[in-house]
Amino acid sequence: MSDPVSGISRADVAHLADLARISLSDEELDHLASELPAILEHVRVVQDAAGDDVEPMSHPLPISNVFRDDEVRESLSAEDALAAAPASEQQRFLVPRILGDEQ
Amino acid sequence: MTDLIRATAEELSRRLAAGEVTSVELTQAYVDRISAVDGEVHAFLHVDADGALATAADVDARRAAGEELHPLAGVPVAVKDVITTRGVPTTAGSRILEGWVPPYDATVTTRLRAAGLPILGKTNMDEFAMGSSTEHSGYGPTRNPWDTGRIPGGSGGGSAAAVAAFEAPLAVGTDTGGSIRQPGAMTGTVGVKPTYGGVSRYGLIALASSLDQAGPVTRSVLDAALLHEVIAGHDPCDSTSIDQPVPPVVEAARRADVQGLRIGVVRELGGEGFDPDVSARFDESLALLEGAGAEIVEVSCPSFVNALAAYYLILPSEASSNLAKFDAMRYGLRVAPDGVDAPSAEQVMAASRDAGFGDEVKRRIILGTYALSSGYYEAYYGSAQKVRTLIAQDFAAAFEQADVLASPTSPTTAFPFGDKLDDPLAMYAQDVATIPANLAGVPGLSLPSGLASDGLPTGFQLLAPAMADDRLYNAGAALERLLEEKWGGTILAQAPALEEAR
């Protein structure tokens with residue numbers, strides 16, 4: 001991909017769309033490729049805003065792991081969990097093939 | 001019934017307790033109001049009249065049997081469509097979830113049900129809460145009850161418009177960068193984003209997990225406090241839920257005393273870029289508070305100028321990750337790509353996400369994917385996280401000088417549809433004053449401060465330290481009382497009447 005200073009090309013957008021699993025149309029790619037550079041230009045100020053000594057903050061609160069007692073309790077039934085599935089079979093999600101011809 | 005639907009939730013609660021009205025009568029009055037005006041306003045994506053009336057009948061029966069009930073039992077509520085409701089469709093404003101009926105309740109929903117609030121339905125929003133106008137809803141925009149040619153704010157424009165149009169006395173919203181507070185400012189209503197971790201996120205369809213927070217949308221500060229108490233509190237189902245008592249928000253809203261309170265005006269959240277009328281109403285509100293004994297001080301939060309930029313890296317990054325779950329495999333839309341025989345799961349996924357997501361969602365997923373890419377992570381996401389630290393430090397320093405901070409909620413009044421749709425950066429700038437609170441996790445409240453010369457409401461924002469939400473309600477209720485004395489009534493009494501369909 002292009003370097004962070006010079007922005008983002010149409011090919012970059014196509015690659016990102018592929019990574020994000022969205023099959024964008026040519027029109028959408030053109031549009032985003034024209035729009036994203038301005039947004040990136042705007043957000044780039046963060047690169048000079050903080051010195052190396054500033055710790056990054058991922059979250060407003062200190063995060064610690066939360067455990068519960070290992071006890072059996074109610075959960076969704078298989079029927080409920082599958083109720084909104086696009087397709088299901090024998091209490092399982094039915095999905096399209098996951099391997100390609102070459103695999 | 002007009003006086004009934006225009007009453008505050010607190011007043012309705014008293015009338016229900018006194019037996020002057022039943023919950024079924026009240027709920028039916030709101031269902032009728034929705035039928036009469038929602039064709040125009042489009043605040044609701046789904047109305048659950050049967051479910052609401054069943055809850056109302058149950059509450060009435062329990063009241064008749066002498067059971068002790070929650071004060072808000074029987075007072076109807078509307079819920080933003082990003083919060084799951086078992087058995088009632090939940091779409092988050094997205095076509096990818098069209099017709100999805102969740103198999104479980106969000107904790108917020110569970111608490112509303114436990115307190116006996118009939119749920120009128122689900123309110124419209126920008127798709128996955130990405131937007132400031134509801135124009136990004138997959139189901140068409142909500143119209144501002146003050147002027148139906150204008151936006152009601154967003155993402156929670158549906159909840160705000162429902163309350164402003166008297167289609168519900170109470171509503172729940174969610175706020176990731178201002179989605180409760182900015183619509184409050186646009187519609188002359190009250191909206192509160194509680195402290196991050198104050199209200200459980202379990203069952204909220206996540207936009208940005210480190211920023212999202214649900215909160216009340218109402219017509220008065222006291223009503224917001226009453227609803228806040230219902231939905232807040234520790235929840236073991238949310239690992240970021242704070243295990244501490246809920247701040248005494250209702251008591252604070254009833255106190256409404258700013259004598260000796262230090263109110264810090266944030267220099268960076270005003271002036272240039274803010275409409276003169278918005279600034280004028282803000283200054284007048286400050287003068288009222290000062291007259292009531294508050295001490296006004298100026299504070300500086302220099303890193304707030306970078307908040308918008310940091311937010312538009314952190315939010316897309318978290319959103320691109322959160323929205324990866326819409327993969328067309330377990331629930332939601334599944335479409336096959338055109339012209340492909342026996343498509344693979346990956347091809348189906350990509351085609352479904354293209355068909356189901358709208359433009360703004362795609363824009364932010366691509367931006368987030370970029371910001372998180374190898375080689376760019378440090379330069380973008382990493383740098384934004386450092387700015388976040390600086391913003392939290394600015395808040396900490398400011399709260400040494402002031403008990404609460406104040407600013408206009410939004411730089412403008414409600415704008416006409418289409419005004420900012422082709423300019424994402426102009427749309428994003430709507431949230432310039434609300435975003436810092438989300439980045440730092442502190443609570444914020446917006447209440448109406450008056451009308452601009454265009455006749456549209458302006459908003460006044462208060463901010464407080466984490467878990468000091470009660471300070472917002474104390475100062476907010478004081479200002480509300482002072483303003484209503486000046487106006488001779490509520491701001492919504494000044495709104496033009498909506499035409500009722502027959």
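A residue is called buried here if 20 or more other C-beta atoms lie within 10 Å of its own, exposed if 12 or fewer do, and partly exposed in between, with C-beta atoms placed from the backbone. The model is predicted, and local features need pLDDT of at least 70, side-chain atom pairs count only at pLDDT 80 or more, and totals for chains, interfaces and linings use all residues. Residues are numbered from 1 along each chain as its sequence is written, while chains are lettered from A and ligands numbered from 1 in the order in which they are written.

The C-alpha trace of chain B spans about 70 × 55 × 45 Å along its principal axes. Of the 502 residues in chain B, 63% are buried. Two residues are in contact if their C-beta atoms, placed from the backbone, lie within 7 Å. Among contacts in chain B between residues at least 6 apart in sequence, 77% join residues at least 24 apart.

The loop between strand 3 (119-123) and helix 6 (157-164) of chain B holds B:Ser155, which a cis peptide bond joins to B:Gly154, with omega about 10°. B:Phe128 lies in the loop between strand 3 and helix 6 of chain B. Although not a glycine, B:Phe128 has a positive phi of about 50°, and this residue counts as buried because it has 30 C-beta neighbours inside 10 Å. In the loop between helix 6 and strand 4 (170-174) of chain B sits B:Phe166, another non-glycine residue with a positive phi, near 60°. B:Phe166 has 23 other C-beta atoms within 10 Å and is therefore buried.

Turning to the partner chain, 59 residues of chain B are in contact with 49 residues of chain A. Helix 14 of chain B gives the most to the side that touches chain A, with 11 residues. By class, this side of chain B has 35 nonpolar, 15 polar and nine charged residues; Ala, Val, Leu, Ile, Met, Phe, Trp, Tyr, Cys and Pro count as nonpolar, Asp, Glu, Lys and Arg as charged, and the others, Gly among them, as polar.

Notes:
Helices (H or I, at least four residues) and strands (E, at least two) are DSSP runs, numbered from the N terminus.
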